[in-house]
Amino acid sequence: MLRNAMMLALVLMPLLVQAQEKEKRTKYNVLFLMCDDLNVDLGCYGHPLVKSPHIDALAKESVTFDHAYCQYPLCSPSRTSMLTGKRPDETRVYDLQLHFRKVLPDVVTLPQYFMGKGYTVSRIGKLYHYGVPSQIGTDGLDDPGSWQSKFNPIGRDKTDESQVFSFEPGKYGGTLSWLAADGDDSEQTDGIAAAYACDWLEKHRDEPFFLGCGFYRPHTPFVSPKKYFEMYPKEELVLPQVPEGHDSRVPKFAVANRKKYEADLTDEDRLNVLQAYYASISFADAQIGIVLNKLKELGLWDKTIVVLTSDHGYHMGEHHLWQKMSVFEKSARVPLLIHHPAFAKDQHAENSIVELLDLYPTLVDGCGYELPAGLSGTSLVPALRDPTKTAKNYAITRVNRGNNAQGFSLRTPQYRYTEWRTREGIERELYDHSRDHDEYVNLANEPNQKGVMEALSLQMNSILQRQTIPPETLKKPKG
Ligand SMILES: [Ca+2]
């Protein structure tokens, strides 16, 4: 009897060791790098002027998603959707105040999921919403249950705030504002975050880890050391050209995010904004480079999945719009790079249309785990294995216009189709990306496009209805 048991143990032991080895092998680390308000004005996305050498180098070792979109073009709704793997219609987070735990108290967030798998999970800087710059150095609207430890960097960009130029004096977060700063990178909030991330990686190099590192730039105020401004002489910058009579061809809600002062900007003002935004991108890129170089130096490159993305895109004058909160391409589209040690390198996933809420299932799948129930996204691992594959072919970006309208925008390989749902009915936009990448020719009133719009509307509604909670209806007006 004893002999038999010993024999059995001898037979089983190698299998057990093998299983443990496999478990060890599938435990890739995750380094989740976020920028705030970063659009695709990057070298690896073909921008002719912006210098982003470190992100471009990451692209050489990653799959770059050419068509990735946020679910809501504003910090908190977008980040909440991404980190819960649910659409804004499910989290009900559309503003910067409501915390998703009030609606979904028991939801398991992406970092929490990895905690449950025995990972060391930490946050540096902005992963969930933070008011920038007002809440830099605080926890912002954090979710304490998502992390075992955290660090809130704060640098001289915050203490030198009074030196920042703003078109609305005293307002730095929601208004175009900038400062060509004295001092060097390491004194800035993001420089402090990068240095802390390097120390953290060194300390936790031998444990499976999920490190979320959220940079604050290029969010306003566009503060970066002077040398980054000098990289962009204003005479080399190009302002976007907007066709005459633009607003007459779109529903008013499409451009309702435009601020009053923006109409008065001179070309000189616009060039200043471009210079400051690009400088902030190059500064953030340098901080990302510091963290990525440390990852390599520690020998963790082949053991770590690296994600680089942003919470939404950003307008630089297209459609006479600035900043965010539109569902046009420039505000809805985000950069998305995924380095997976076992999968494709230096390739663009051109055929997939993907969403930020796909990151949750992608990272779970990419680490070799079964997908949990309740996620609204799709694993992009098929496109990481073979970027020519279509992992998914649609994205929905949602935005509210107060209580007056709900915007729902569907991006497919050929079209952007937008519905502005109001109490009076639906106003529509249709853009054909096969001949109108800039979305300046609204086809919604063309009689021969009716069938196309009906099909796209059906497609969008069927995706939204598959969610666990259907979209809410507009509240009745008060009084
Ligand atoms: Ca943001």
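In what order do the 8 strands of the open sheet run? Select them and read across: E5-E4-E8-E1-E10-E14-E2-E15, with mixed pairing. Strands (E, at least two residues) and helices (H or I, at least four) are DSSP runs numbered from the N terminus, and two strands pair if DSSP finds at least two bridges between them.

Before you go on: this is a predicted model, where local features need pLDDT of at least 70, side-chain atom pairs count only at pLDDT 80 or more, and totals for chains, interfaces and linings use all residues. Residues are numbered from 1 along each chain as its sequence is written.

Now pick the edges, E5 (149-151) and E15 (347-349): each has a single partner strand, so one side of each is left without a neighbour in the sheet.

Next, show E1 (residues 29-35) with E10 (residues 304-310), a parallel pair over 7 bridges. Look for Cys-35, opposite Ser-310 in E10.

Of its 114 residues, Phe-32, Leu-33 and Ala-197 touch the most other members. Helix H9 (residues 267-297) gives the most to this core, 14 residues.

Terms used:
A nonpolar core is a set of buried Ala, Val, Leu, Ile, Met, Phe, Trp, Tyr and Cys residues joined through C-beta atoms within 7 Å. A residue is buried if 20 or more other C-beta atoms lie within 10 Å of its own, exposed if 12 or fewer, and partly exposed in between; C-beta atoms are placed from the backbone.
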